[in-house]
Amino acid sequence: MFGYVLPLRGELKVKELEAYQGLYCGLCHTLGRRYSFFARWLLNYDFTFLAMVLAPASERPERQRRRCIACPFRGKSVCTPRNSLDLAADESLVLTYWKLRDAVEDSSFLRGLPARFLSFFFRRAYRKAEGRCPEFARQTVACLEELRTLEAERSPSMDRAADTFARILAAAALPAESSARTRALEQLLYHVGRWIYLVDAWDDLEEDGRTGSYNPIAARFPEQVEANLEYASRSHVGMVTEEEKAVYEKAKKIFDEMALVNCTKCAYCMPCPFGLNIPELFAAYNMTASHGMTPAKEAYEALSVKA
């Protein structure tokens with residue numbers, strides 16, 4: 001589930017890009033300093049983002065030029081050691097180790113050999129990281145166990161699965177200088193975690209369908225997923241003509257004007273804890289634009305539970 005948080009280099013100003021690269025290199029040096037040279041293999045953009053988020057708002061990063069294996073002569077501009085980099089390095093070790101163990105659990109013996117070897121190789125480093133951030137390590141283990149239970153049950157709830165994974169990242173936000181900032185960090189990382197989990201599930205949809213592995217999207221929408229995959233296998237670039245595109249755009253404009261709430265009645269929001277029929281409520285509201293107030297009122301009055 002790594003590789004989804006990437007820098008948009010073309011949109012960064014020169015100074016912003018230099019600051020980002022300094023943080024990236026600083027995390028690399030921190031992994032080497034706190035664990036080992038080989039721990040630098042774990043460096044990625046996701047963990048650099050984590051280091052950025054964990055840095056206190058008042059912290060102004062300082063950089064110094066240091067040599068490394070990637071630039072042994074001129075060296076690179078590197079962020080100086082700081083607590084946020086230390087914490088990001090520790091949590092990176094924890095997350096990577098359990099990702100490897102998860103790969104071992106989900107793979108056959110032969111396919112799981114690389115992950116098995118790497119998890120054994122980094123076990124000592126993980127024990128050290130676990131001692132430095134024990135609460136985060138405990139939360140990670142607890143959530144992964146809960147996630148495995150949901151996978152074993154083939155849970156059709158995308159929410160439960162995404163929530164369980166997201167709570168791991170939310171736990172990475174240790175107490176900041178204020179309770180408001182701590183809460184903001186938790187919420188930011190939580191929702192990034194939900195997004196990563198669901199996007200990863202979407203990317204793995206076809207492969208999981210072939211192997212029979214659990215996928216929360218396929219479990220929630222089995223028929224739609226099969227139809228979409230079948231259609232995707234027949235799709236190709238240029239299959240839609242310019243005339244057809246114009247028709248689609250015209251139809252989209254009409255539907256957008258008719259629908260005040262873009263509800264497809266997928267019932268993903270159901271059941272409502274207050275007994276409301278949410279899709280039908282939205283349908284009645286949309287009727288005010290497409291059919292007028294009288295039919296909309298009749299549709300609303302026909303509902304057994306009113307909002």
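Author: A helix, in this predicted model, is a DSSP run of at least four residues, and helices are numbered from the N terminus. Arg-154 is found in the loop between two of them, H6 and H7.

Reader: Why is Arg-154 called partly exposed?

Author: The relative accessibility of Arg-154 is 45%, and partly exposed covers values between the 20% under which a residue is buried and the 50% over which a residue is exposed, so Arg-154 counts as partly exposed.

Reader: What makes the phi of Arg-154 worth a remark?

Author: Phi of Arg-154 is near 55°, a positive value in a residue other than glycine. Most residues other than glycine have a negative phi, and most peptide bonds are trans.

Reader: How do you know whether Arg-82 is buried or exposed?

Author: Arg-82 has a relative accessible area of 9%, and buried means under 20%, so Arg-82 is buried. Its place is in the loop between strand E2 (71–79) and H3, and, leaving aside neighbours within four places in sequence, Arg-82 is in contact with Glu-59, Arg-60, Pro-61 and Glu-62.

Reader: What makes the link between the side chains of Arg-82 and Thr-80 a polar contact?

Author: The side chains of Arg-82 and Thr-80 are joined at 3.0 Å, and a polar contact needs a pair of N or O atoms within 3.5 Å, one able to donate a hydrogen and the other to accept it, so the pair counts as a polar contact.

Reader: Which residues touch the most other members of the largest nonpolar core?

Author: They are Leu-27 and Val-94, out of 48 residues in that core. Helices that each supply at least two residues of this core include H1, H2 and helix H8 (179–203), while the largest share, nine residues, comes from H3. Beyond its neighbours within four places in sequence, Val-94 is in contact with several residues, among them Tyr-126, Phe-136 and Thr-140.

Notes
Residues are numbered from 1 along each chain as its sequence is written. This is a predicted model: local features need pLDDT of at least 70, side-chain atom pairs count only at pLDDT 80 or more; totals for chains, interfaces and linings use all residues. Side-chain values use heavy atoms; hydrogens and water are left out. A nonpolar core is a set of buried Ala, Val, Leu, Ile, Met, Phe, Trp, Tyr and Cys residues joined through side-chain atoms within 4.5 Å. Buried means under 20% relative accessible area, exposed over 50%, partly exposed in between (1.4 Å probe, protein chains only). Contact means heavy atoms within 4.5 Å.
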